[in-house]
2 protein chains.
Amino acid sequence: MKIAILGGDGFCGWPTALHLSDQGHEVHIIDNLSRRWIDTELGVQSLTPMDSIQERCRIWKQETGKVIGFHLLDLAKEYERLRQWLAEEAPDAIVHFAEQRAAPYSMKSDRHKVYTVNNNVNATHNLLTAMVETGIDAHLVHLGTMGVYGYSSVGAPIPEGYLDVEIDTPTGKKGQEILYPTRPGSVYHMTKSLDQILFQFYAQNDGLRITDLHQGIVWGTHTDQTRRHPQLINRFDYDGDYGTVLNRFLIQAAIGYPLTVHGTGGQTRAFIHLQDTVRCVELALSDAPAAGARVKIFNQMTETHRVRDLAEMVAKMTGAEIAFLPNPRKEAAENDLIVKNDNFLALGLNPITLEEGLLDEVVEVARKFAHRIDRKRVPAVSAWTKDIAGRVETDPEGKRLKSVS
Amino acid sequence: MKIAILGGDGFCGWPTALHLSDQGHEVHIIDNLSRRWIDTELGVQSLTPMDSIQERCRIWKQETGKVIGFHLLDLAKEYERLRQWLAEEAPDAIVHFAEQRAAPYSMKSDRHKVYTVNNNVNATHNLLTAMVETGIDAHLVHLGTMGVYGYSSVGAPIPEGYLDVEIDTPTGKKGQEILYPTRPGSVYHMTKSLDQILFQFYAQNDGLRITDLHQGIVWGTHTDQTRRHPQLINRFDYDGDYGTVLNRFLIQAAIGYPLTVHGTGGQTRAFIHLQDTVRCVELALSDAPAAGARVKIFNQMTETHRVRDLAEMVAKMTGAEIAFLPNPRKEAAENDLIVKNDNFLALGLNPITLEEGLLDEVVEVARKFAHRIDRKRVPAVSAWTKDIAGRVETDPEGKRLKSVS
């Protein structure tokens with residue numbers, strides 16, 4: 001297949017591009033490189049030393065003989081160029097990672113809120129409009145998030161996208177299938193909830209074939225392909241905005257920083273290893289919905305854990321201490337989470353578990369690159385509301401962290 | 001109260017501004033005048049001769065002694081200026097009409113789809129962000145639409161915003177209140193469905209006080225205030241994009257053009273007179289939700305009718321013929337519609353019915369200004385999909401209209 005990977009320079013996009021190229025697909029990366037610009041803005045960098053996208057593609061060709069195309073294009077701002085590219089190349093499938101993807105970054109200031117909504121909504125909508133306008137028959141696979149549902153459910157397992165409800169009518173109760181209701185907890189998560197409405201409309205009105213992957217929190221760094229050459233290595237974020245919880249624990253352990261648990265650590269979240277992410281995208285591509293069918297929604301996760309249980313797991317493995325800090329997010333202190341992932345299991349996913357993969361990460365990544373860590377960037381500083389910002393104060397040296405409330 | 005009216009130069013915005021000014025409130029109109037630019041783009045104009053917004057405000061002051069401020073500002077593009085204005089003026093309430101509001105315009109071409117999403121989502125989100133950032137404690141009243149729910153319901157009355165559902169859990173069925181599920185039928189309606197998610201988030205995360213008015217199709221031209229001087233007259237759209245169904249029938253009757261019913265005319269829609277719209281906004285302003293409360297959602301409509309029944313009503317009153325044409329929209333051919341509007345009735349709304357108001361419109365507006373009608377602009381030409389566009393062909397002279405399928 002000819003596959004366009006939008007956001008193919010990012011944390012999930014790059015290993016997905018390599019994985020699909022390795023399988024013999026013709027892969028084109030479209031990216032505006034905004035994630036690298038945000039590194040510059042925040043004064044942070046990937047723990048792993050990361051080459052330019054052009055250099056990465058050159059190394060991949062050198063190692064495998066396979067070509068990955070790179071096209072510098074801003075989906076949200078350059079609708080006309082996007083449409084032209086799609087019309088000329090007519091890809092068979094499009095994998096869409098091209099959205100600002102950090103909840104803390106989306107809550108950093110009003111400017112960051114405005115940017116996240118403007119960028120994410122226009123990127124997704126421009127893509128959908130251009131697909132209709134060019135008349136290409138591509139299957140769109142989008143990376144969404146489990147986070148659209150919020151984390152204060154009534155304790156029912158989260159189904160894959162849809163919910164059967166009963167509605168009172170004058171002639172008795174009638175069943176109806178609806179999109180599983182969302183309750184996003186950050187501006188970032190909100191944009192993914194908006195995406196869901198966009199997909200529903202374009203599948204219904206124009207028959208676009210769309211799969212939306214509601215992904216858990218990704219952990220891990222390497223895939224089979226990124227291991228092939230040091231310059232193919234994936235990015236690894238550990239800062240308070242872009243670092244996901246488990247990667248941050250690993251880094252904190254590696255430099256003797258306490259594992260920072262926000263609130264009680266009773267938040268339960270869904271997780272998936274990066275290797276399983278790329279495999280899930282492959283499986284989703286092989287199972288496209290029919291034209292005119294409803295959007296296919298998969299929960300892309302493999303296990304759920306409480307944050308404090310994760311911290312204890314890493315502490316046991318590394319000897320690190322755990323520090324409980326005030327929570328900068330507005331969220332339930334404790335929640336249960338049961339998630340169905342029957343679709344991917346049925347398609348043949350064989351998950352990598354935390355238990356088997358975690359030690360590799362500690363050795364291969366966290367300790368190996370510990371000398372590159374900037375301790376000042378470890379604390380999480382983006383607060384969800386002005387009230388919370390007033391109550392939480394973080395020492396920029398990253399040594400003491402306290403609540404002033 | 002000090003009230004900002006965003007989109008106060010438009011069809012609903014202008015009479016709302018006059019109504020609230022007349023009641024003694026300090027009214028400020030914020031508008032980018034985009035609706036006038038779209039008239040220019042489409043080569044159409046209001047049936048009623050409409051002065052500039054500055055001139056309208058001058059006449060209002062001359063007639064009543066009351067001042068309405070006008071501020072040229074683009075909500076979607078000028079976030080910084082919006083925030084500054086809100087910080088300086090700190091209005092007590094904000095009425096938000098400032099979105100592109102025609103479904104056919106939103107489906108006209110890819111450019112119009114992209115514009116509608118970009119404009120409407122950014123306008124609403126910029127406003128919400130600026131309200132949080134400035135910390136003003138204003139009540140936001142937004143004009144939404146009944147159309148977010150689509151028109152293929154299971155026959156249950158549409159409640160006011162929320163739905164109680166039962167979800168299967170491991171410990172039995174549990175009740176949960178969710179936003180009434182949307183199923184928008186055009187890009188325009190889709191943006192109003194996105195707005196609903198934005199409101200839910202900002203009410204929950206930041207305690208903004210928000211009322212969302214899900215309005216039916218507005219008919220009528222005059223209110224008590226617009227009648228006071230010829231230069232205060234409201235706009236009246238009759239073209240295929242911006243003219244709403246009943247206003248179009250009136251104009252067609254006035255010039256001896258057949259009343260154009262698309263499809264079977266079995267589409268049932270909700271209606272409200274413009275005078276009741278301004279009264280509803282007043283009532284909504286008087287009944288603000290508490291900070292931290294869920295978004296208050298009212299259905300702002302007073303009666304429902306089948307489109308073909310409306311055509312027959314106008315035909316009977318005027319002697320016009322009815323022409324059944326292919327439907328350029330993708331929608332159910334026939335639907336029932338039952339809508340609850342208990343909230344506004346409880347607040348004291350006393351609706352104007354079609355039966356009592358319709359003849360005034362024929363005499364006061366349609367016949368009076370019939371000489372200004374451009375017949376070429378009467379047909380509806382925006383098709384919902386490329387397939388439909390291929391099947392529906394409209395004679396630009398507006399004399400013959402046929403299906404070529």
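Which residues in α8(B) and α12(B) meet? On the side of α8(B) they are B:Leu250, B:Ile251, B:Ala253 and B:Ala254. Their partners in α12(B) are B:Glu361, B:Val362, B:Ala366 and B:Arg367. Sorted by class, this contact has six nonpolar residues, two charged ones and no polar ones.

The model in which these residues sit is a predicted one. The predictor assigns the complex an ipTM of 0.94 and a pTM of 0.95. For chain A the mean pLDDT is 92, and 96% of the residues of chain A reach 70 or more. One stretch to read with this in mind is residues 395-405 of chain A, where pLDDT stays under 50. For that stretch the model has 21 contacts beyond four places in sequence.

The relation between the two chains comes next. Chain A is superposed on chain B by a rotation of 180 degrees, with 0.0 Å of shift along the axis and an RMSD of 0.0 Å. The two copies are therefore related as by a two-fold rotation axis.

Between the chains, 39 residues of chain A are in contact with 40 residues of chain B. On the chain A side, the elements that give two or more residues are the helices α6 (110-134) and α7 (187-206) and the strands β6 (162-169) and β7 (172-179). The largest share, eleven residues, comes from α6(A). By class, this side of chain A divides into 19 nonpolar, twelve polar and eight charged residues. The copies meet through the same surface, because 100% of the interface residues of chain A are also interface residues in chain B.

Two packed helices are described by the angle between their axes and the distance between the axes.

The crossing of α1(A) and α9(A) is right-handed. On α1(A) the contact is made by A:Pro15, A:Thr16, A:His19 and A:Leu20. On α9(A) it is made by A:Leu274, A:Val278, A:Val281 and A:Glu282. Five of the residues in the contact of α1(A) with α9(A) are nonpolar, two are polar and one is charged.

The pair from the opening question lies in chain B and can now be placed in the same terms. Helix α8(B) covers residues 245-254 and helix α12(B) covers residues 354-367. Their axes come within 10 Å and cross at roughly 70 degrees, which makes α8(B) roughly perpendicular to α12(B). The crossing of α8(B) and α12(B) is right-handed.

How values were computed
Residues numbered from 1 in each chain as written. Chains lettered and ligands numbered in written order. Predicted model: local features only at pLDDT ≥ 70, side-chain atom pairs only at ≥ 80, totals over all residues. Least-squares fit on C-alpha atoms with pLDDT ≥ 70 in both. Contact = placed C-beta atoms within 7 Å. Helix = DSSP H or I, 4+ residues; strand = E, 2+ residues; numbered from the N terminus. Nonpolar A, V, L, I, M, F, W, Y, C, P; charged D, E, K, R; others polar. Left-handed = near helix turned anticlockwise from the far one by under 90°. pLDDT = per-residue confidence, 0-100. Axes fitted to C-alpha atoms, helices over the stretch in contact; angles between N-to-C directions. Parallel < 35°, antiparallel > 145°, perpendicular 65-115°, else oblique.
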